[in-house]
Structure formats: C-alpha cells, structure tokens
Amino acid sequence: MRNLSDVLLEAINTRQVLSLYQGLGTKNLQSFIAQFVYFYGYSYFKRLYIEKSGSKSIGMKANLILAAAAGACTAVVTQPLDTASSRMQTSAFGKSKGLWKTLTEGTLSDAFDGLGISLLLTSNPAIQYTVFDQLKQRLLKQKLKEADNGSSPVVLSAFTAFLLGAISKSAATFLTYPAIRCKVMIQAADPDDGNDDKTKRPRPKSHKTLSGVVSAIWKREGILGFFKGLDAQITKTVLSSALLLMIKEKITATTWVLILAIRRYLLLSRGRLNNV
C-alpha cells in the first residue's frame, strides 16, 4: 500500500512533479461554480423558509437542513466536473487528458458517477460545523467564567480558532472518508486509459458500482483499505478549512470591535450635541 511520501518520491524520480497538479484547473473551476451555486441555493432556500414559516430567525436544525439542500443542488450541478477532476488526478503521471476530452469520452451517466455518494457527503460540512460550534461554545463558556469584566466580548484567538477548525474537520473527514474513498474509486480512470500503444484495442469502460467497489476494497485491502489516503485528505482539507474558520473568527471579532467603536463615537457625539 503506497502512502503520500511514495507518490511524492515517484513524481520527483520520474521528473513529473508538475503532474501532481493534474486536474487543478478543473478542480478550481468546480470550486468556483460550487461556491456560486451553494450561495444562491442557500439564500433561496432561506428566503423560502422564512416566507413559509413566518419566523424571522432560523434554528440550528432548520439551518442544517437548508445547508444540506443547498449542498445537494451543488453536488448535482458540479458532479460532472468532480468526476472529470477525479479521473484526471488518478491518471498516470503525464497521461492526463483535457477537461473536454475527459467529459466527452463516456456517456452522460458516466459523468455522474458517484452522485449518490456526493449527495451523502453533503453531511460532511454539517458534521464539521456542529463539532466546531460545540467545542467553541464550551471554550467560550469557560472563558466567560474566568473573565473579570463581563461587558467585553469574549472571542476565540486566531490560533484557537485554527485548532478547533482542524479538529472539527479531522473528525468530519474521518467519519466520511470511507464514502470519499469509494467515490474516488468509482470515478477513477481505468488503468489502460494512459496506454500509448495504439496496436492494442481499448477495453470497454467498466461500469463500477458502489457494492462492487466496497467488495473489491474489502477483499484486497481489508478494513484499512477504506482509509487509504486519509493522511493526504486530512492534510489538504484540514489546512483549508482551519484557515477559513480562523479568518471567519477574526473577521467576526474585528466587526464586533468596530460596532462598539462606532456606538461609542455616536454616544459621545450625542452627548456633545446635548451639551451645546
């Protein structure tokens, strides 16, 4: 079983370091479209919920449901790009095809390989933010008890927010990684896709099913096979998510300080006007 260091060494030894970025453009395009669809999908579902329920605020459970609905819409729209990105990333070094060729080489149903698992994986952010919020609330309660001045806002430091973000994303990734592994196996390029031998007739593309992939992983690698590549996945997702949550917390803290400063300025200005 190869690990992250083996892949890096192979890329360096074969002078194919740039091949580590196979599918990067497609992945960036997918992320851009996903953020756009998710934002407008969530805003639409939120507005619809407020109109139907008549309430001015949204509870945690309703918010998670709305987020899952927006995530499901995002998964459906971006699934072809996700499939193409996975095939480009799992191709042999230097053998990755372009986006259009990757999308058009199979049928329409092939472009939506792993859609069911992608819909299941919409629970990943919900798990992450639930764990993060629970850990955050416990720390803030502890800080409030220790604080002498209750009027000043209690916020997380950048390092604490980064650490909580890393822990919450690690927990979500660990719980959902078997599904991620199966999805990648379903979407992965066939072993002979990068064959340059024109004399050999290409084999018909094998249709992979979830049950077939689960059975193959279990027979070849056992239970640990479902967590193959977990270290690389956690390294990638934890860093990005932790940085995102850290920046979010600092923006929230800065906004709170600005609101207090503006409020104090307005009170002082009103006092001066009253004195005049």
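Hi everyone, and thanks for coming. Please keep in mind that what we are looking at is a predicted model.

Let me start with the charged pairs. The count of salt bridges comes to 4, and I will walk you through some of them. Take Lys27 and Asp82, whose side chains meet in a salt bridge at 3.6 Å, N to O. Lys27 sits in helix H2, residues 24–53, and Asp82 in helix H3, residues 60–90, so this pair ties together parts that are 55 residues apart in sequence. How accessible are the two partners? Lys27 is partly exposed, with a relative accessible area of 26%, whereas Asp82 is buried at 7%.

Now stay with Asp82, please. Its side chain also meets that of Lys183 in a salt bridge, here at 2.7 Å, N to O. That pair links distant parts of the chain, with Asp82 in helix H3 and Lys183 in helix H8, 101 residues apart. Lys183 is buried too, its relative accessible area being 9%.

Next comes Arg87, which forms a salt bridge with Asp113, the closest N and O atoms being 3.1 Å apart. Arg87 belongs to helix H3, while Asp113 is in the loop between helix H5 (108–111) and helix H6 (115–120), so the pair ties together parts 26 residues apart in sequence. Both ends are buried: Arg87 has a relative accessible area of 6%, and Asp113 comes in at 7%. And which residues do shared partners join into one network? Those are Lys27, Asp82 and Lys183.

On to helix H7, residues 123–146. With 24 residues at 1.5 Å a residue, H7 should span 34 Å, and because its end C-alpha atoms are 35 Å apart, the two values agree. If you want to look along H7 for its buried residues, they are Asn124, Gln128, Phe132, Lys136 and Leu140.

Last stop: Pro178, which lies in helix H8, residues 158–187.

Notes
Residues numbered from 1 in each chain as written. Predicted model: local features only at pLDDT ≥ 70, side-chain atom pairs only at ≥ 80, totals over all residues. Heavy atoms only, no water. Helix = DSSP H or I, 4+ residues; strand = E, 2+ residues; numbered from the N terminus. Expected span 1.5 Å × (residues − 1). Buried < 20%, exposed > 50% of the residue type's maximum accessible area, 1.4 Å probe, protein only.
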